[in-house]
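Please look over the sequence and the structure shown here, and then read on.

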Amino acid sequence: MPILQVSLSKEIQTPENTHLNPAECFAKQVDIEPELVTVYTQSIQDCYGNRYEAVVHLFLPNLWSPGKVGQMLEAAATLIESYWKVPKRKTIIMVQQLSSGHVFDRGRLESW
């Protein structure tokens with residue numbers, strides 16, 4: 001599972017003519033199988049107050065050590081900067097760790 005929900009300012013464009021897959025780039029950085037990673041994007045239409053160009057929710061099973069979670073946060077920041085060209089200083093990434101039995105995926109309750 002890592003799932004990255006990437007919300008981008010409407011001014012940010014997805015790169016055209018790229019052969020890179022953001023899920024594969026993330027997986028390579030954190031040394032996990034690309035099939036385990038999901039990255040999806042959405043556009044932020046309006047933002048008020050403290051403005052970010054990228055808001056990322058990183059959903060993870062609560063299996064990984066704090067060090068591995070930190071590595072995934074760094075990898076997500078690097079992905080946003082390299083793939084969408086959003087500087088790290090304009091990005092916020094938040095982790096939500098999920099417990100076993102709190103995920104229903106493709107018709108079944110997941111346990112780990």
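Helices, of at least four residues, and strands, of at least two, are here runs assigned by DSSP, and they are numbered from the N terminus. The model described with these terms is a predicted one.

## Overall layout

The protein chain holds two helices and six strands, and when these are read along the sequence they follow the pattern β-α-β-β-α-β-β-β. Along its principal axes, the C-alpha trace of the chain spans about 40 × 35 × 30 Å. A compact globule of 112 residues would have a radius of gyration near 13 Å, and the chain, with 14 Å, agrees with that expectation.

Of the 112 residues in the chain, 35% are buried, while the accessible surface comes to about 7,100 Å², with 49% of that area belonging to carbon and sulfur atoms. Among the contacts between residues at least 6 apart in sequence, 77% join residues that are at least 24 apart.

## Strand S1 and its two partners

Strand S1 covers residues 3-9, and because six of its seven residues are buried, the strand is largely enclosed by the rest of the structure. S1 pairs with strand S2, residues 38-44, in the parallel sense over seven bridges, and within this pairing Ser7 stands opposite Gln42 of S2. S1 is also joined to strand S3, residues 54-61, by six bridges, and these two strands run antiparallel; here the bridge partner of Val6 is Val56 in S3.

Ser9 belongs to strand S1. Is Ser9 buried or exposed? Its relative accessible area is 2%, which is under the 20% limit, so Ser9 counts as buried. The side chain of Ser9 makes a polar contact with the side chain of Arg51, at 3.3 Å, and, when residues up to four places away in sequence are not counted, Ser9 touches Ile44, Arg51 and Glu53.

## The nonpolar core

The largest nonpolar core has 25 residues, and those with the most contacts inside it are Leu4, Phe26 and Trp84. S1, helix H1 (22-30), S3 and H2 each supply at least two residues of this core, and H2 gives the most to it, with eight residues.

Leu4 can be followed through its contacts, again without counting residues up to four places away in sequence: Leu4 touches Phe26, Val37, Thr38, Val39, Tyr40, Val56, His57, Leu58, Ala76 and Leu79.

With a relative accessible area of 29%, His57 is partly exposed. Beyond residues up to four places away in sequence, His57 touches Ile3, Leu4, Gln5 and Met94. His57 and Ile92 are separated by 35 residues in sequence, while their C-alpha atoms are 8.6 Å apart in space.

Lys68 is found in helix H2, which covers residues 66-83. The relative accessible area of Lys68 is 18%, so this lysine is buried, given that buried means under 20%. How far apart are Lys68 and Val30 in sequence and in space? They are 38 residues apart in sequence and 8.1 Å apart in space, taken from C-alpha to C-alpha.

Most residues other than glycine have a negative phi.

Lys85 lies in the loop between H2 and strand S4 (91-98), and its phi is near 65 degrees, a positive value in a residue other than glycine. With a relative accessible area of 63%, Lys85 is exposed. Arg106, for its part, is placed in the loop between strand S5 (103-105) and strand S6 (108-110), and although Arg106 is not a glycine, its phi is positive, at about 50 degrees. Arg106 is exposed as well, with a relative accessible area of 79%.

Key: Residues numbered from 1 in each chain as written. Predicted model: local features only at pLDDT ≥ 70, side-chain atom pairs only at ≥ 80, totals over all residues. Heavy atoms only, no water. Buried < 20%, exposed > 50% of the residue type's maximum accessible area, 1.4 Å probe, protein only. Pairing = 2+ DSSP bridges. Core = buried A, V, L, I, M, F, W, Y, C linked by side-chain atoms within 4.5 Å. Contact = heavy atoms within 4.5 Å. Polar contact = N/O pair within 3.5 Å; in protein donor to acceptor, adjacent residues only side chain to side chain. Rg over C-alpha atoms; globule rule 2.2 N^0.38 Å. Areas by Shrake-Rupley, 256 points an atom, 1.4 Å probe, with all protein chains shown as cover.
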